[in-house]
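Here is a short briefing on helix packing and aromatic pairs. Keep the structure open while reading.

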Amino acid sequence: MPASRPLRADARRNREALLSAARQAFLGGDTDAHVEDIARSAGVAVGTLYRHFETREALIEEVYRKEVDDLCSAPGDLLDQHTPQEALWRFLLLLVDHAAVGKGMSAVLESIMATDSPVFDDARTAMANALSLLLDAGSAAGTVRADVTGSTLLRALGGICAMRATEGWLVEARQITALLYDGLRHGASQTT
């Protein structure tokens, strides 16, 4: 859909319904969800789906992109509501939870991994930028060490979240994230 022309209200509702139905199917583990089933679940015709998304892969990409956009919009709100240190902690847990949610989508995401889609690079950049915002705020407040970048922290979290296939991984991932968080506070210019 060309970005230069805004969607009519009904088209916007249809698009959101399609994304919601696809998200529910993919995250629910229905990796073989057909576009016809997604369209039916959204209450629209399959032609409407194809007007918004040229291929099933384009729909998958957009569901993932929306998940990442929603996740990466959180730091501003967290900083408005919490201290920088608490905001960072909460966002780290959101990232771990995102990985847990992503586990349900990993099979459908494989269909776009072989393409030249920028969606994964875009996601990593957005997540690293979100982490950098929180790290900068914590560093300025003196509660987080200043020598760690968002990109480095994201790599560390990626290693934690790579354990997803293991039984009980989420509990362990949160424990390891707590250790990582403690390390981010160690060596900060002041303690709280």
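A residue counts as buried when its relative accessible area is under 20%. F120 is therefore buried, with a relative accessible area of 17%. The model is a predicted one.

**Aromatic pairs**
- The count of aromatic pairs comes to two.
- Y64 and F120 form a tilted pair, with ring centres 5.6 Å apart and planes at 50°.
- Y64 sits in helix α4 (residues 56-72) and F120 in helix α7, so this pair ties together parts that are 56 residues apart in sequence.
- Y64 has 12% relative accessibility, so Y64 counts as buried.
- W89 and Y181 also form a tilted pair, at 4.9 Å centre to centre and 40° between the planes.
- That pair links distant parts of the chain: W89 belongs to helix α6 (residues 84-113) and Y181 to helix α9 (residues 169-185), 92 residues apart.
- Y181 is buried, at a relative accessible area of 8%.

**Helix α5 against helix α7**
- The axes of α5 (residues 74-81) and α7 (residues 119-141) come within 9 Å and cross at roughly 20°.
- That angle makes α5 roughly parallel to α7.
- The crossing is right-handed.
- P75, G76 and L79 of α5 meet A130, L133, L134 and A137 of α7.
- The contact residues divide into six nonpolar, one polar and no charged.

**Helix α7 against helix α8**
- α7 packs on α8 (residues 150-161) at an angle of about 115°, with the axes 7 Å apart.
- This crossing is right-handed.
- On the α7 side, R124, M127, A128, L131, S132 and L135 take part; they meet G150, S151, L153, L154 and L157 in α8.
- These residues divide into seven nonpolar, three polar and one charged.

How values were computed
Residues are numbered from 1 along each chain as its sequence is written. This is a predicted model: local features need pLDDT of at least 70, side-chain atom pairs count only at pLDDT 80 or more; totals for chains, interfaces and linings use all residues. Side-chain values use heavy atoms; hydrogens and water are left out. Axes are lines fitted to C-alpha atoms, for helices over the stretch in contact, and angles run from 0 to 180 degrees between N-to-C directions. Helices (H or I, at least four residues) and strands (E, at least two) are DSSP runs, numbered from the N terminus. Angles under 35 degrees count as roughly parallel, over 145 as roughly antiparallel, 65 to 115 as roughly perpendicular and the rest as oblique. A crossing is left-handed if the near helix is turned anticlockwise from the far one by less than a right angle, and right-handed if clockwise. Contact means heavy atoms within 4.5 Å. Ala, Val, Leu, Ile, Met, Phe, Trp, Tyr, Cys and Pro count as nonpolar, Asp, Glu, Lys and Arg as charged, and the others, Gly among them, as polar. Rings of Phe, Tyr and Trp (its six-membered ring) pair if their centres lie within 6.5 Å; planes under 30 degrees apart count as stacked, over 60 as edge-to-face and the rest as tilted. Buried means under 20% relative accessible area, exposed over 50%, partly exposed in between (1.4 Å probe, protein chains only).
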